[in-house]
Amino acid sequence: MSLVHKVLKKVEARIWAASYDLKRDAFRVALENGQIFLLRRPIPEDDHSEVLDVYIEGDGEVFTVVQASGHEFSVPWDVIQALSTDKLRTPDPEVGKRIGQRVKAIRKERGMTQDQLAKVSGLKRPNISRLEAGTHVPSISLIERLAESLQINISDLISTGRL
Amino acid sequence: MGFIFVTYAGDHPPFHVHILTATGRNIGRFDIEHQCPMDNFEVTKRLKKALIDLGYMREESEK
């Protein structure tokens with residue numbers, strides 16, 4: 001099998017069916033390519049509250065979970081595959097450091113304090129401080145908020161290249 | 001432009017964006033960290049412009 005064929009097959013792994021198995025406290029997911037997965041809770045973004053509904057969105061790109069707390073989250077097909085094989089890699093701490101250093105440098109360049117950035121971005125100041133220290137890798141949604149607040153591109157905070 | 005770009009809070013590394021056509025057909029994923037496609041698809045001029053406009057791709061990236 002050629003590499004191109006392998007990659008194409010991976011892209012075609014759309015979600016065909018998704019449901020919640022109360023007895024096992026897990027999500028059952030079937031992909032169009034015939035793979036079936038049992039994803040035991042908690043999964044990323046899960047707030048542990050009761051699952052009210054599970055439905056497939058778009059072209060089978062994701063399944064969305066509605067929880068009793070009002071929280072909703074979507075799980076993309078590639079995350080399903082990664083979760084099921086325990087290959088969901090933990091973020092590289094170096095990435096957190098790099099993003100933290102960039103946020104700090106750009107914030108200072110803009111003449112902003114951590115308090116001001118917190119106000120503009122809607123984040124809490126201690127979280128900004130923690131992020132700048134590089135002690136954790138932020139989620140992409142948080143990075144998007146910071147990029148918007150600092151009026152820069154998201155790629156300027158994330159990409160490995162030099163600014 | 002005819003594309004839909006989606007990011008998920010709980011998604012796995014590296015940081016990436018899912019790209020779909022306006023009709024919801026999956027095109028593939030673009031790795032924002034390493035500035036390259038994660039799947040086998042061509043970054044057309046139109047797609048490249050959209051990625052740059054939305055800030056996912058840096059202008060100097062030619063991958």
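A residue is called buried when its relative accessible area is under 20%, exposed when that area is over 50%, and partly exposed in between. The model discussed here is predicted.

**Met38 of chain B**

With a relative accessible area of 24%, Met38(B) is therefore partly exposed. Met38(B) lies in the loop that runs between β4 (36-37) and α1 (45-53) of chain B. Apart from neighbours within four places in sequence, its contacts are His12(B), Pro14(B), His16(B), Arg29(B), Phe30(B) and Asp31(B). The C-alpha atoms of Met38(B) and Val17(B) are 9.7 Å apart, while 21 residues separate the two in sequence.

**The sheet of chain B**

Two of the contacts of Met38(B), His16(B) and Asp31(B), also stand opposite each other, Asp31(B) being in β3(B). The sheet concerned is open and has four strands, in the order β1-β2-β3-β4 of chain B, with antiparallel pairing. At its edges stand β1 and β4 of chain B, each with a single partner strand, so one side of each has no neighbour in the sheet. In general, the strands of a sheet pair through backbone hydrogen bonds, either parallel or antiparallel.

The pairings are listed below.

| Strands paired | Sense | Bridges |
|---|---|---|
| β1(B) (residues 3-6) and β2(B) | antiparallel | four |
| β2(B) and β3(B) (residues 26-31) | antiparallel | five |
| β3(B) and β4(B) | antiparallel | two |

How many of the residues of strand β2 of chain B are buried? Six of the six residues in this strand (residues 16-21) are, so β2(B) is largely enclosed by the rest of the structure. The burial applies to both faces of β2(B): one side carries His16(B), His18(B) and Leu20(B), and the other carries Val17(B), Ile19(B) and Thr21(B).

**Helix α1 of chain B**

The loop holding Met38(B) leads from β4 to α1 of chain B. In α1(B), the buried residues are Leu47(B), Ala50(B), Leu51(B) and Ile52(B). The elements that cover them include β1, β2 and β3 of chain B. An α-helix has 3.6 residues a turn, so residues three or four places apart point the same way. After α1(B) comes Gly55(B), which has a positive phi near 85°.

**Chain A**

Chain A has seven helices and six strands. Along the sequence these elements follow the pattern α-β-β-β-β-β-β-α-α-α-α-α-α. Of the 163 residues in chain A, 43% are buried. Where contacts in chain A link residues at least 6 apart in sequence, 43% of those contacts join residues at least 24 apart.

Two helix pairs of this chain are described next. Two packed helices are described by the angle between their axes and the distance between the axes.

The axes of α3(A) (residues 93-109) and α6(A) (residues 140-150) come within 11 Å and cross at roughly 20°. These two helices are therefore roughly parallel to each other, and their crossing is left-handed. On the α3(A) side the contact involves Ile99(A), Val103(A), Ile106(A) and Arg107(A), and these meet Ile143(A), Leu146(A) and Leu150(A) in α6(A). By class, this contact of α3(A) with α6(A) has six nonpolar, no polar and one charged residues.

For α4(A) (residues 114-121) and α5(A) (residues 125-132), the axes come within 8 Å and cross at roughly 115°. α4(A) and α5(A) are therefore roughly perpendicular to each other. The crossing of α4(A) with α5(A) is right-handed. Gln114(A), Asp115(A), Leu117(A), Ala118(A) and Ser121(A) of α4(A) meet Arg125(A), Ile128(A), Ser129(A) and Glu132(A) of α5(A). The contact of α4(A) with α5(A) divides into three nonpolar, three polar and three charged residues.

How values were computed
Residues numbered from 1 in each chain as written. Chains lettered and ligands numbered in written order. Predicted model: local features only at pLDDT ≥ 70, side-chain atom pairs only at ≥ 80, totals over all residues. Heavy atoms only, no water. Buried < 20%, exposed > 50% of the residue type's maximum accessible area, 1.4 Å probe, protein only. Pairing = 2+ DSSP bridges. Axes fitted to C-alpha atoms, helices over the stretch in contact; angles between N-to-C directions. Parallel < 35°, antiparallel > 145°, perpendicular 65-115°, else oblique. Left-handed = near helix turned anticlockwise from the far one by under 90°. Contact = heavy atoms within 4.5 Å. Nonpolar A, V, L, I, M, F, W, Y, C, P; charged D, E, K, R; others polar.
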